Amino acid sequence: MIDKLLKYQQIDADLKAIETELRQSDEFKKYASAVKFLKTVAESKAQIESKAGALMGAMAALEEKLGKLNEEKAEFAAWDEGADEATLAYLKKKSNELAKQFSALEGEISKLSQDMTELYAQYKKLMTNTKSMLAQQEESKKAYEDLTKSKDDQKKKIKKQLDALAKDISPEIMQKYLEKRKDPKFPIVYELSGRHCSACGTELSQLELANLKAVKIAECENCRRLIFIKE
Ligand SMILES: [Zn+2]
């Protein structure tokens with residue numbers, strides 16, 4: 001029965017090779033990368049929008065500050081007429097301070113509007129990329145489907161052989177094999193090499209060895225591949 005299972009695995013390797021070829025094809029890679037990108041778009045958009053909200057809030061605060069400074073400036077300008085020397089000196093000092101504050105504020109406003117321009121450029125880029133990735137997704141999906149279809153006959157032929165072989169293998173073992181077939185590791189069945197699993201090299205204890213002799217085929221405790229002792 002183990003011979004049949006090994007034969008099954010040998011033919012299954014051809015099927016696995018086709019599956020691997022499909023997974024590693026440019027068509028699949030392009031499709032997968034488009035899907036991956038498109039999944040992140042909503043989050044990127046939300047991040048940009050939240051940044052834009054914060055920038056606009058900061059801008060409104062600066063503009064309010066600027067308005068207040070302008071009011072202050074107008075107030076001082078009204079005092080100017082007919083003031084005595086001490087007042088004039090005070091006004092001059094105050095006016096210098098105001099000029100400094102204006103210049104700092106203008107700098108902040110200009111920096112903020114630059115940030116906004118950059119953010120908008122980011123947003124436009126995101127939209128452009130999204131459009132091209134949508135096109136790539138559609139195109140590569142179709143190409144991948146065509147490629148998959150082109151392998152259908154070959155796969156059918158192999159599956160027919162496998163089905164025939166499976167009839168002579170116990171259903172429990174077949175089920176275990178097919179369960180492991182879902183993950184990428186292949187082959188699945190290994191002969192014991194002395195007392196060691198030949199997949200991972202782990203040495204079996206006396207108890208495990210005795211159990212394996214009794215059940216014929218078992219799972220390696222370390223690598224979970226199926227192991228057997230050659231009769
Ligand atoms: Zn192992």
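## About the model

The model is predicted: local features need pLDDT of at least 70, side-chain atom pairs count only at pLDDT 80 or more, and totals for chains, interfaces and linings use all residues. Residues are numbered from 1 along each chain as its sequence is written.

## Helices and strands

The chain has six helices and four strands. Here helices (H or I, at least four residues) and strands (E, at least two) are DSSP runs, numbered from the N terminus. Read from the N terminus, the order is α-α-α-α-α-β-β-α-β-β.

## Overall dimensions

How does the radius of gyration of the chain compare with that of a compact globule of 231 residues? The chain has 37 Å, whereas such a globule would have a value near 17 Å. This radius is taken over C-alpha atoms, and the globule rule is 2.2 Å times the number of residues to the power 0.38. Along the principal axes, the C-alpha atoms fill a box of roughly 120 × 50 × 20 Å.

Of the 231 residues in the chain, 7% are buried. A residue counts as buried if 20 or more other C-beta atoms lie within 10 Å of its own, as exposed if 12 or fewer do, and as partly exposed in between, with C-beta atoms placed from the backbone. Residues are in contact if their C-beta atoms, again placed from the backbone, lie within 7 Å. Among contacts between residues at least 6 apart in sequence, 72% join residues at least 24 apart.

## Two domains

The domain assignment gives domain 1 (25–149) and domain 2 (170–228); such bounds come from an automatic or database domain assignment. The C-alpha centres of domain 1 and domain 2 lie 60 Å apart.

## Backbone spots to look at

Which residues does a cis peptide bond join? The pair is F186 and P187, with omega at about 0°. You can find P187 in the loop between α5 (171–181) and β1 (189–193).

K216 is a residue other than glycine with a positive phi, near 75°. K216 sits in the loop between α6 (206–215) and β3 (217–219), and it is partly exposed, with 13 other C-beta atoms within 10 Å.

R224, also a residue other than glycine, has a positive phi near 65°. Look for R224 in the loop between β3 and β4 (226–228). R224 is partly exposed, with 15 other C-beta atoms within 10 Å.

Terms used
Two residues are in contact if their C-beta atoms, placed from the backbone, lie within 7 Å.
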